[in-house]
Each structure stands twice: as structure tokens, then as C-alpha cells.
Amino acid sequence: HGNAIAGSPGSGLASLPALRRLSLARNALVGLPDTISNLTCLAFLDVSYNALASLPRTLGAMPRLVEADLSFNAVDAALPTFTAVPALRVLQLCRNAIPGTIPDALALAAPRLETLDLSHNLLEGTIPYTLGGLTGLYLLQLDHNLLRGSLPSTLQLLPTLSQLTLLVQNNALSGAVPAFVQTLRQAQLAFNNFTCPIPLYPSIYDAPLITCSGTPYSTGPAN
């Protein structure tokens, strides 16, 4: 952590199969080897604030990984294929330049996700309906991308809906704002193409922070 390590950790990581925590944040790394998946006990990975240009192709096949922070890098390649990360609860990939779409398979491969932060990238396409299957989701942060389409109706099925923070501002989303946003803990919808007005709340004091078309629509009571 913060040791000015440059380049790539190399294949030597494969010789540490019992490693549970790897923190290489705030260095000058430009890549991670695909052999990182050989760390079969790895639960916590932090390589934020580096200069990674791509993600390991095997990132989506690490069965014991619980938290992965790859934010604040220079990743300009599409997300890898996610096949089996059943323990993953936190995935942070914000502040990169990731193109392409959000894979439908992500939610299926990581059903325990609680925090998904893909904000400040170059992601296109629609928000996958499969995210509605993330029964423990508390933070969905997709703001500052190029996403289009509507908010998936499957989100209303989340048992955590009243605790969910949904941040999708600064995209190209459109359509009517669904009524389920009334239930969210917080929603940021500004700078999209949503149809306004947002569904009314029974009382302004029951409303989370909601913004639409760049203008605050209503706010709850100050803390």
C-alpha cells in the first residue's frame, strides 16, 4: 500500500495460494496477471489508485472473493466475463474509462452483491434487469456513464428497496420514473431524459433526496 510499486506483480502471486488479503493501493501498477485467480483463498483485493489499463480476465472466477476495489485506475477495456464470484459483496470500479455494457451475467455470478459502483466510466447500453435479483443490494452507483433506456422494473422486487441508494445521474436514461423510487432511501436521477414529474410522495418529509432534469424535486428533512 503506497510503496511506489510499478509495473505488474507478476506470476509470483501464484506462489501464495493461502493469501486472503492483497492491498496494493496507491502505487504505479499497470496490470494484474490472470494468474491472480490462483489465489484461491483471496477474499479482499484493493488495487485502487494505480494505473491499471485492463482487468484480469479471471477476475470474474474467484469463488472466495468478498471485496474488490479497482477504482481510480486507467482501465479502458471492457469488463471481464463474470462466471463465479458467489461470495462477492462489494465491487468498486469507479473512476476508470471502462467501455461496453454492464454484463447481464454479473448479477447471476455474484448474487450476494451489496455494493456495485461502476460510476464515472464510459458504459453504454441499458441497466440489466438481472440486477433485480441481487437480494442484498444496498448501493447501486452507475452515475456519469452513457447508459440509456429505462430503470429496470425488476428493481422493485428487491427486498432491500427501502434501504437502497440508487445513483444514476448524468446518463442518457429515459422514460417515466417508476413509482418504486418513492420507496428508496436515496435516488439521484438528475441530468437524464426522464419524464417528469417524479411520482409524488404522501409527505415531503417521507421523501429521500430525488433529483430530476438537473433540479432537486424534493428532499427529506435535514439531518
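Close-up 1. Alanine 107 is buried, with a relative accessible area of 5%; buried means under 20% relative accessible area, exposed over 50%, and partly exposed in between (1.4 Å probe, protein chains only). Not counting residues up to four places away in sequence, alanine 107 touches Thr130, Leu131 and Leu134, contact meaning heavy atoms within 4.5 Å. Proline 128 lies 21 residues from alanine 107 in sequence and 8.6 Å away in space, C-alpha to C-alpha.

**Close-up 2. The largest nonpolar core.** This core has 56 residues, and Leu70, Leu91, Leu140 and Leu151 have the most contacts inside it. A nonpolar core is a set of buried Ala, Val, Leu, Ile, Met, Phe, Trp, Tyr and Cys residues joined through side-chain atoms within 4.5 Å. Leucine 151 touches, among others, Ile127, Leu166, Val168, Phe180 and Phe194, not counting residues up to four places away in sequence.

**Close-up 3. Pairing of strands 5 and 6.** Strand 5 (residues 67–69) and strand 6 (residues 90–92) pair in the parallel sense over three bridges; two strands pair if DSSP finds at least two bridges between them. Alanine 68 stands opposite leucine 91 in strand 6.

**Notes.** Residues are numbered from 1 along each chain as its sequence is written. For this predicted model, local features need pLDDT of at least 70, side-chain atom pairs count only at pLDDT 80 or more, and totals for chains, interfaces and linings use all residues, while side-chain values use heavy atoms, with hydrogens and water left out.

How values were computed: Helix = DSSP H or I, 4+ residues; strand = E, 2+ residues; numbered from the N terminus.
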